[in-house]
Amino acid sequence: MRNSQSVKHRSSHATEKEFGGTLGATCIPIFLPLTVLYLLSVCRSPEASVLKWPPVLPSYLWDPTAFKLLLGWVALHAFLYMLPVGKVSEGLVLRDGTRLKYPINGFHALCITVLLLMLLLSLGAPLGYLFELLVPLAVCSIGTSYLLSFYLYIRSFWAPNHALAVGGNTGNPLYDFFMGRELNPRIGNFDLKYFCELRPGLIGWVVVNFGMLMKEVELRDSPSLAMILINLFQLLYVADALWNEEAVLTTMDIVHDGFGFMLAFGDLAWVPFTYSLQAAFLVVHPQSLSALGAAVIIGLNGVGYYIFRKSNSQKNQFRRDPTHPSVSKLETIATATGKRLLVSGWWGLVRHPNYLGDLLMALAWTLPCGFSHLLPYFYVVYFTILLIHREARDERQCRTKYGLAWETYCGRVPYRIFPYIY
Ligand code: NDP
């Protein structure tokens with residue numbers, strides 16, 4: 001009772017707004033979908049110039065095949081999600097004291113997808129046709145994320161108070177639609193946010209990449225070294241996320257943010273169609289890459305991946321079991337919540353070593369596209385802004401959670417992401 005009252009109090013007074021408040025929440029759902037379509041159109045134009053005026057616009061937006069493909073794709077992944085394979089994990093304790101159960105079978109879904117792709121390939125399916133369908137597919141995915149967000153917004157009014165996210169309940173419909181009102185919307189046991197977070201969009205990204213590789217094979221008989229590297233690097237990243245799927249249960253997206261347009265669009269449209277931009281760019285703008293250049297890029301991706309994986313694993317291990325030999329000797333500081341903060345190891349280098357590793361990988365994914373165009377660097381620029389903004393959001397939440405202990409941590413570890421720079 002006490003719990004539900006305090007939640008009621010918090011949800012009805014959630015007035016602090018992020019992402020530029022109401023103005024941001026009104027403009028982003030218009031501006032970002034247009035950005036996806038614009039970038040896809042520019043990257044297939046001969047100049048691929050983001051500075052060209054008037055801007056390049058998509059030549060055709062709708063194709064019923066794209067719609068059917070998307071429906072089939074989402075249905076396949078919903079089916080794989082529900083398969084009783086892999087373990088079942090519990091999420092963090094919710095405000096009503098309960099914990100939700102989640103299937104950890106995303107890696108299985110990726111493996112089955114790869115097997116299906118190989119089967120389609122052996123049957124001679126024209127996978128390169130994905131290149132032609134990119135814009136219509138993006139249009140359908142954007143439409144789906146809008147429909148899903150409307151559904152999520154409406155159904156949230158039937159959710160109990162304790163099931164609402166703290167941030168997305170200001171009473172302003174535009175802002176709440178964007179941020180998401182309900183924390184863990186489910187249909188039966190099917191968790192909509194968790195499903196969208198790592199399945200259709202993330203696995204869709206590597207399938208789009210593979211389609212671009214096959215288009216190169218169609219056009220030039222074999223895939224280029226640059227295309228192979230981008231496909232392998234990004235497949236490694238997606239496989240890693242799904243192999244460590246359980247870790248998503250403690251992220252800001254699952255624990256803190258409601259499920260609204262921001263996450264639905266990000267997961268279903270933004271990730272698969274802007275993260276695959278480098279591969280789509282290479283189809284029309286082939287780049288030659290020397291063996292030395294490839295070796296340097298592979299090295300950069302390796303260093304980035306090492307920092308990213310080691311730092312994420314170190315924190316996850318420490319949060320799961322601080323007495324584990326791999327983390328028990330690390331220096332920590334106590335906080336009033338009973339949790340401790342790491343001040344040595346990776347988390348003593350900068351306050352977000354995992355973001356540093358992620359950004360080094362982002363650069364390695366872009367360098368195979370050469371230096372002739374700005375467009376492939378869109379991902380690095382966007383991702384740097386995203387992670388700087390995300391770091392600031394996390395910092396605010398940690399300051400509220402840990403108070404003085406967080407100040408002490410910031411004093412001990414002054415740099416946020418880049419050692420001696422930022
Ligand atoms: P993080 O894994 O960075 O987690 C932040 C949380 O870690 C804090 O809220 C705090 O939570 C805990 N923490 C912070 N400092 C310490 C410390 N010194 N000791 C112990 N615990 C600490 O969260 P993200 O979800 O932002 O990132 C996860 C990964 O996902 C990152 O590698 C990121 O790069 C990646 N990512 C990728 C995106 C993409 O589009 N490709 C988008 C967003 C993220 P608490 O104390 O409550 O445990």
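Rings of Phe, Tyr and Trp (its six-membered ring) pair if their centres lie within 6.5 Å; planes under 30 degrees apart count as stacked, over 60 as edge-to-face and the rest as tilted. By that rule the structure holds 36 aromatic pairs. One of them joins Phe371 and Tyr377: ring centres 6.4 Å apart, planes at 20°, so the pair is stacked.

This is a predicted model, where local features need pLDDT of at least 70, side-chain atom pairs count only at pLDDT 80 or more, and totals for chains, interfaces and linings use all residues. Residues are numbered from 1 along each chain as its sequence is written, and side-chain values use heavy atoms, leaving out hydrogens and water.

**Burial**
- Buried means under 20% relative accessible area, exposed over 50%, partly exposed in between (1.4 Å probe, protein chains only).
- Phe371 is exposed, at 71% relative accessible area.
- Tyr377 is buried, at 16%.
- Of the 422 residues in the chain, 52% are buried.

**Charges over rings**
- A charge sits over a ring if NZ of Lys or CZ of Arg is within 6 Å of the ring centre and within 35 degrees of the ring normal.
- Arg44 places its charged end over the ring of Phe131, 4.2 Å from the centre.

**Overall fold**
- The C-alpha atoms fill a box of roughly 65 × 50 × 45 Å along the principal axes.
- Contact means heavy atoms within 4.5 Å.
- Among contacts between residues at least 6 apart in sequence, 78% join residues at least 24 apart.
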